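Here are my notes for your review, point by point. Please read them with the model open.

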Amino acid sequence: MAKIEIDSGSGFCFGVVNAIKKAEEELDKGGTLYCLGDIVHNNYEVERLQKKGLITIDRETFSTLRNVKVLLRAHGEPPETYRIAAENNIEIIDATCPVVLKLQQQIKNAYQESGKDGTQIVIYGKVGHAEVNGLVGQTSGKALVIEDSSDVSGIDMSRNIRLYSQTTKSVEGFRHMVDIITREASPGISFKYYDTICRQVSNRIPHIREFAGRHDLILFVCGKKSSNGRVLYDECVHVNKNSYLISDIEDIEEKWLSGVDSIGICGATSTPKWLMEKVHEYVKNRVE
C-alpha cells in the first residue's frame, strides 16, 4: 500500500486564517455580512462560508450599499474603498493582513516623498491582483506594476526608482527584477529596492521543494485563481515532474495512482486543510 502524506506546511497563511475567523465571528452574531470579493482564492471555502451566510459582492454592488457591514479580506484595499464606506455609512470589518497594511503605508509614504524629485514607484506583482490594486491605490493609481522582465522597459531608467513587491511573489523573481534594473538604470540615479515579500509565504518554497522531492506523486490542491498556488505548484513540478494541480477530487485521474509507493498532498496559502484531508481520504480508499 502506498504511503500518503499531507504536507504540514501547506494551508492557510495567517492573513487568511484571520480573515476567516473575523467572518465567522461576525456571522455567529447574526445579521447580514458582505465580503468585498472572494474572501480567499478557493471556491470551496467561499461556498462553505456562503452557506453560513457570507455574501460576496463586487465593487459595483459595494458602491450601492448603505448602512451595512462589509468585510475587507486579507489582500487589502485602496483608499477609495474606505472613502465610499464612510460616505455610505458602511461598517468596515477590516481583515487586511498586517504585512499588507505595513506595505501599503510604506508605499504611501514613498509616494508622498516622490513628488519632490519625480521618483517612480514600481511594484513587482500581478496586474489586477487584489493586493496589487490596493498597493497601487496608495499612489493615486500612478505606480507602475511589473510582472516579469518584459515589463521593465516601461520604467524610465533616467529617473529615480523605488521598487517594492507584492507580498506573495517569489524572492528569486524579485531579485531577478533588482538585477535587471540595477544593470539598466542610468548612472547617477537613485535606485532603492525593498524586499516586502511575506516570509511566511516565501519560506514555503524551500519546504515544498523538499516535500515534493521525497514522494513519487504530488497532488497539489488549490483554486484556479490563486497566484500563490501557481508559484508553489511550479516549484513542485521543478522538483518532481509527477506533480498534478487539482482543485478537488474530481480532477484526480486513477492512472496517476498506479504503481506509486509514496503520495504527497500539498497546497497553497489559500487551500483549506479540510480540502486536503478530503483528497487524502479519497486517495486512501483507492490505493489500499
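1. Start with the charge at Tyr-282. The charged end of Arg-286 sits over the ring of Tyr-282, 3.7 Å from its centre. Bear in mind that this is a predicted model.

2. A lysine does likewise elsewhere. The ring of Tyr-124 carries the charged end of Lys-169 over it, at 4.9 Å from the ring centre. Tyr-124 also belongs to a cluster, linked by ring pairs to Phe-174, Phe-191 and Tyr-193.

3. Look next at one pair within that cluster. Phe-174 lies in helix α7 (residues 171-184) and Tyr-193 in strand β9, so numbered 19 residues apart, the pair links distant parts of the chain.

4. Burial in this pair: Phe-174 is buried, at 2% relative accessibility. Tyr-193 is partly exposed, with a relative accessible area of 45%.

5. How many aromatic pairs are there in total? The count comes to 6. One of them is Tyr-164 with Tyr-194: the ring centres are 4.9 Å apart and the planes stand at 15°, so this pair is stacked. The pair links distant parts of the chain, 30 residues apart. Tyr-164 is in strand β8 (residues 161-165), while Tyr-194 is in the loop between β9 (191-193) and α8 (199-202).

6. Tyr-194 is partly exposed, at 29%.

7. Now the sheet. Four strands form an open sheet in the order β3-β2-β4-β5, and the pairing is parallel. The edge strands are β3 (54-57) and β5 (91-94); each has a single partner strand, so one side of each lacks a neighbour in the sheet. On average, neighbouring strands are turned by 35° against each other, direction ignored.

8. Strand β2 (residues 33-36) pairs with β3 in the parallel sense, over 4 bridges. Leu-36 has Ile-57 of β3 as its bridge partner.

9. Finally, the helix on the sheet. Helix α4 (residues 79-87) packs there and touches β2, β4 (69-72) and β5. The direction of α4 makes about 145° with that of β5.

Terms used. Residues are numbered from 1 along each chain as its sequence is written. This is a predicted model: local features need pLDDT of at least 70, side-chain atom pairs count only at pLDDT 80 or more; totals for chains, interfaces and linings use all residues. Side-chain values use heavy atoms; hydrogens and water are left out. Two strands pair if DSSP finds at least two bridges between them. Helices (H or I, at least four residues) and strands (E, at least two) are DSSP runs, numbered from the N terminus. Axes are lines fitted to C-alpha atoms, for helices over the stretch in contact, and angles run from 0 to 180 degrees between N-to-C directions. Contact means heavy atoms within 4.5 Å. Rings of Phe, Tyr and Trp (its six-membered ring) pair if their centres lie within 6.5 Å; planes under 30 degrees apart count as stacked, over 60 as edge-to-face and the rest as tilted. Buried means under 20% relative accessible area, exposed over 50%, partly exposed in between (1.4 Å probe, protein chains only). A charge sits over a ring if NZ of Lys or CZ of Arg is within 6 Å of the ring centre and within 35 degrees of the ring normal.
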